[in-house]
Amino acid sequence: MRGTSVPAYEYLCDQCACRFERRQKMSDAAIDQCPECGGRVKRLISGGTGAITKGASQGPEPMCGTGGCCGGGMCNRSLN
């Protein structure tokens, strides 16, 4: 039996600027207290890693960030 993957969430303290990460189930309540100073924290939004697949690619490799255009629409460039 395979283990369940638990996402990591990043937090930032409003008082001491401590930045930390916790692995939590998606159904768990967000952490609201800094482990360093006890101050209020907010959960940060991160881009994550995206989809990871095994085997051959189903299409062309994205070229975002390399100056080219992958045609995926993320960079708002057209294929023309």
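Colleague: Let's start with R19: is it buried or exposed?

Modeller: Exposed, because R19 has a relative accessibility of 55%, and the cut-off for that class is over 50%. Do keep in mind that this is a predicted model.

Colleague: Which residue forms a salt bridge with R19?

Modeller: That would be E10, with the closest N and O atoms 2.6 Å apart. E10 counts as partly exposed, because its relative accessibility is 26%. The count for the model comes to 1 salt bridge.

Colleague: E10 sits in β1, I see. How should I read the two faces of that strand?

Modeller: Here is the general idea: in a regular strand, side chains alternate between the two faces of the sheet. In this model, β1 covers residues 8-13. Y9, Y11 and C13 make up its covered face, while A8, E10 and L12 lie on the uncovered one.

Colleague: And which strands pair with β1?

Modeller: One is β2, which runs antiparallel to β1 and is joined to it by 5 bridges. L12 stands opposite R19 there. β1 and β2 form a hairpin with 5 residues between them, and A17 in the turn has a positive phi of about 65°. The other is β3, also antiparallel to β1, with 3 bridges; in that pairing, Y11 stands opposite R43.

Colleague: Which residues make up the largest nonpolar core?

Modeller: As a general idea, nonpolar side chains in soluble globular proteins tend to be buried together. Here the largest nonpolar core has 7 residues: Y9, Y11, C13, C18, F20, C34 and V41. β1 gives the most to this core, with 3 residues.

Colleague: Y11 keeps coming up. What does Y11 touch?

Modeller: Leaving out residues up to four places away in sequence, the contacts of Y11 include C18, F20 and V41, which also belong to the core. Among its other contacts are R43, L44 and Q24.

Colleague: Q24 is a polar residue, so let's look there next. Is Q24 buried or exposed?

Modeller: Buried, because its relative accessibility is 8%, and the cut-off is under 20%. Q24 is placed in the loop between β2 (19-23) and β3 (41-43).

Colleague: What does the side chain of Q24 reach?

Modeller: Its side chain makes a polar contact with the side chain of Y11 at 2.6 Å. The Q24 side chain also reaches the backbone oxygen of A29 at 3.0 Å. Beyond four places in sequence, the residues that Q24 touches include V6, P7, Y9, A30 and I31.

Conventions:
Residues are numbered from 1 along each chain as its sequence is written. This is a predicted model: local features need pLDDT of at least 70, side-chain atom pairs count only at pLDDT 80 or more; totals for chains, interfaces and linings use all residues. Side-chain values use heavy atoms; hydrogens and water are left out. A salt bridge is a side-chain nitrogen of Lys or Arg within 4 Å of a carboxyl oxygen of Asp or Glu. Buried means under 20% relative accessible area, exposed over 50%, partly exposed in between (1.4 Å probe, protein chains only). Helices (H or I, at least four residues) and strands (E, at least two) are DSSP runs, numbered from the N terminus. A polar contact is a pair of N or O atoms within 3.5 Å; within protein, one must be able to donate a hydrogen and the other to accept it, and residues adjacent in sequence count only if both atoms are side-chain atoms. Contact means heavy atoms within 4.5 Å. Two strands pair if DSSP finds at least two bridges between them. A nonpolar core is a set of buried Ala, Val, Leu, Ile, Met, Phe, Trp, Tyr and Cys residues joined through side-chain atoms within 4.5 Å.
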